[in-house]
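Keep the viewer open as you read.

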Amino acid sequence: PRQPEAAALCALITATCPGLHAGIKWNAPSYGWPGQDDGLTLRLHPAPAFQLVLHRGAKPLASPPARPDVPKGLVVWKDAQRGVVDFAGRPLSEIEAELGDLIRGWMVSTL
């Protein structure tokens with residue numbers, strides 16, 4: 001049901017970090033640097049879920065990654081290795097600029 005928004009989010013991700021590879025993880029689009037674990041995955045199920053999960057792959061890292069400086073409330077940090085942006089109740093267009101900064105900061109920290 002959120003296909004247009006998911007497509008817009010995927011376009012934002014690829015425009016923000018053009019070198020990312022795209023794949024499927026958890027039955028949804030997922031992005032990462034070539035040769036590394038994915039770092040961004042959309043959560044689309046169960047409907048009407050629509051989230052962007054920032055993660056570090058399946059295995060926790062010895063040291064937690066640096067968290068990008070983002071507006072308060074944009075990301076809920078589930079633990080040191082994973083954060084979630086929930087789009088329930090707010091359109092992507094309202095937070096697009098902040099989201100671009102978040103995506104760039106998160107993925108640059110994985111290099």
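Helices (H or I, at least four residues) and strands (E, at least two) are DSSP runs, numbered from the N terminus. Residues are numbered from 1 along each chain as its sequence is written. Please keep in mind that this is a predicted model, in which local features need pLDDT of at least 70 and side-chain atom pairs count only at pLDDT 80 or more, while totals for chains, interfaces and linings use all residues; side-chain values use heavy atoms, with hydrogens and water left out.

Let's begin with helix H1, which covers residues 3-16. The expected span of a helix is 1.5 Å times one less than its number of residues. For the 14 residues of H1 that gives 20 Å, and the end C-alpha atoms are 20 Å apart, which agrees.

Which residues of H1 are buried? Here buried means under 20% relative accessible area, exposed over 50%, and partly exposed in between (1.4 Å probe, protein chains only). The buried residues of H1 are Ala 6, Leu 9, Cys 10, Leu 12, Ile 13 and Thr 16. Looking down the axis of H1, you will find its buried residues within an arc of 160°, so they line one face of the helix; the arc is that of the directions from the helix axis to the C-beta atoms. An α-helix has 3.6 residues a turn, so residues three or four places apart point the same way. On the other side of H1, Gln 3, Pro 4 and Ala 15 are exposed.

Two residues of this helix deserve a visit. Thr 16 sits in helix H1 and counts as buried because its relative accessibility is 13%. Its side chain reaches the backbone oxygen of Leu 12 at 2.7 Å. Counting contact as heavy atoms within 4.5 Å, and setting aside residues up to four places away in sequence, Thr 16 touches Gly 100, Ile 103 and Arg 104. Ala 15, also placed in helix H1, counts as exposed because its relative accessibility is 59%. The C-alpha atoms of Ala 15 and Gly 100 are separated by 8.9 Å, although these residues are 85 residues apart along the chain.

What do the buried residues of H1 pack against? Their partners are strand E2 (28-32), strand E3 (38-43), strand E4 (51-54) and helix H2 (96-108).

Now for the sheet. Two strands pair if DSSP finds at least two bridges between them. The sheet is open, with 6 strands in the order E1-E2-E3-E4-E6-E5 and antiparallel pairing. At its edges are strand E1 (21-25) and strand E5 (76-79), each of which pairs on one side only. Neighbouring strands are turned by 25° against each other on average, direction ignored. H1 packs on this sheet, touching E2, E3 and E4, and its direction makes about 165° with that of E3. H2 lies across E2, E3, E4, E5 and E6, at about 145° to E3. Axes are lines fitted to C-alpha atoms, for helices over the stretch in contact, and angles run from 0 to 180 degrees between N-to-C directions.

A hairpin of 2 residues joins E5 to E6. Val 76 has Val 84 as its bridge partner in E6, and Trp 77 has Gly 83.

Finally, turn to Lys 25 in strand E1. Lys 25 is partly exposed, with a relative accessible area of 22%. Leaving aside neighbours within four places in sequence, Lys 25 is in contact with Ser 30, Asp 38, Thr 41 and His 55.

Technical notes. Polar contact = N/O pair within 3.5 Å; in protein donor to acceptor, adjacent residues only side chain to side chain.
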